[in-house]
Amino acid sequence: MLTRPRRHTATALAAAVLTTLTMAPAEARSHHDPVHPSLRKHLAAYYDFEHPTHANPAKEQDRGFSGTDIDLVNGGADMRTRDGAHQGSRTSLQVRQVNPGTAGNDDWKAGVFGPSGVPTLRAFNAVEGVTVMGWFKATGPNPALNSNTAAPDDRFGAVGLAGVLSGNSDGHAVRALLEIIEVNGELRLVALGRRVDGAASQTFAASQDWRTLLPDGEWVFLAATFDFDTGAMALYRDGRRLDGFYTVTGDPWDLSGPGPHRSSPTDPRGIKIGGSFPQNTLERNPCDCRMDSLMFLNTVLDGKRIQAQYRLATRR
Ligand SMILES: [Ca+2]
Ligand SMILES: [Ca+2]
């Protein structure tokens, strides 16, 4: 060993230095928790799309506390795309319509569905508030062509982003959803919530044109909050609260009785990401977009904590 030529040692040393230099940013990132500490205890489900389950690369691990792994529907592992939304992210999830001209259910989307409720989503059973947030980037024409009608050029009336299903959902009906949907004939970025399973929903719509809020080719950090006790909802973009308005008059969440009010005491039937029906029975409201670091929390985050998470993800 003592007689090993110096040249080799130097080469090995140079290689080691090179490796260290090359590895440094990645290593720095791996020590950097991508979740703001104030969010952790409410972060029921969290998907960064860098963690396939050990058994199946077409499933994504939940990095939140609930352990609710999701399916990458119709596209499987190919849906993980080398386009991280933010510092420390390498891959995101591509969702999209595959065959606009065919009545079928082959759209790329993600989620989980349990016909009698998903037990791991108990954090959203009788919940007082919910936050849905994450990174989104539009990558194609939205809304998609309506593949369920004979007309060749009509489009769906909505673009699904991400949400928690209600306790009696068919795969479409939600408890808390971030999406783009027509309000009085005009598409808008909205938070859509339903407190009581099977009852009416309320929608809070952003005033600003959705195309400026979610422009093609640009990553944006969107958040929606749902306070089932007070009826308040809010939308945020890149950590800033958006102006908006409620679209339903009256009391769709039935909050007139004594509180505190909570959602129905049922386990959600699942999570939908990028289009409805995570059980893959029908194509509806597919989104041609990429998504990253999706978070589902069993509380209403205030603006400070939403901004803190945004800043953490974008700091250099
Ligand atoms: Ca990622
Ligand atoms: Ca059609």
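Helices (H or I, at least four residues) and strands (E, at least two) are DSSP runs, numbered from the N terminus. The structure described here is a predicted model, in which local features need a pLDDT of at least 70 and side-chain atom pairs count only at pLDDT 80 or more, while totals for chains, interfaces and linings use all residues. Residues are numbered from 1 along each chain as its sequence is written, and chains are lettered from A and ligands numbered from 1 in the order in which they are written.

The confidence of the predictor in each residue is given by pLDDT, on a scale from 0 to 100. The protein has an average pLDDT of 92, and 90% of the residues score at least 70. Over residues 1-30, however, the pLDDT is below 50, and this stretch has two contacts in the model beyond near neighbours in sequence; a contact requires the C-beta atoms of two residues, placed from the backbone, to lie within 7 Å. Where pLDDT is low, the predicted coordinates should not be read in detail.

The protein contains three helices and 17 strands. Its radius of gyration is 21 Å, close to the 20 Å that the globule rule gives for 316 residues, so the protein is as compact as a globular protein of that length. This radius is taken over C-alpha atoms, and the globule rule is 2.2 Å times the number of residues to the power 0.38. The C-alpha trace spans about 85 × 50 × 40 Å along its principal axes. Of the 316 residues, 46% count as buried; a residue is buried if 20 or more other C-beta atoms lie within 10 Å of its own, exposed if 12 or fewer, and partly exposed in between, with C-beta atoms placed from the backbone. Among contacts with a separation of 6 or more, 67% are between residues 24 or more positions apart.

Strand S17 covers residues 289-297 and includes methionine 291. Methionine 291 counts as buried because it has 26 C-beta neighbours inside 10 Å. Leaving aside residues up to four places away in sequence, methionine 291 touches Ser92, Leu93, Val95, Gly134, Trp135, Phe136, Ala162, Ile273 and Gly274. Serine 293 is also placed in S17. The phi of serine 293 is near 45 degrees, a positive value in a residue other than glycine, and serine 293 is buried, with 25 other C-beta atoms within 10 Å.

Asparagine 285 lies in the loop between S16 and S17. This asparagine has a positive phi of about 55 degrees although it is not a glycine, and with 26 C-beta neighbours inside 10 Å, asparagine 285 counts as buried.

Helix H3 comprises the 12 residues 303-314, which at 1.5 Å a residue should span 16 Å; the end C-alpha atoms are 16 Å apart, which agrees. The expected span is 1.5 Å times one less than the number of residues. The buried residues of H3 are Ile306, Gln309, Tyr310 and Ala313. They lie on the same side of H3, because they cover an arc of only 100 degrees around the axis, the arc being that of the directions from the helix axis to the C-beta atoms. The exposed residues Lys304 and Arg311 are on the face turned away from this buried side. The cover over the buried residues of H3 includes strands S7 (129-138), S12 (220-227), S13 (233-237) and S17.

Cis peptide bonds were also identified. One joins asparagine 142 and proline 143, with omega about -5 degrees, and proline 143 is in the loop between S7 and strand S8 (158-165). Another joins glycine 259 and proline 260, with omega about -5 degrees; proline 260 is in the loop between strand S15 (244-246) and strand S16 (270-273).
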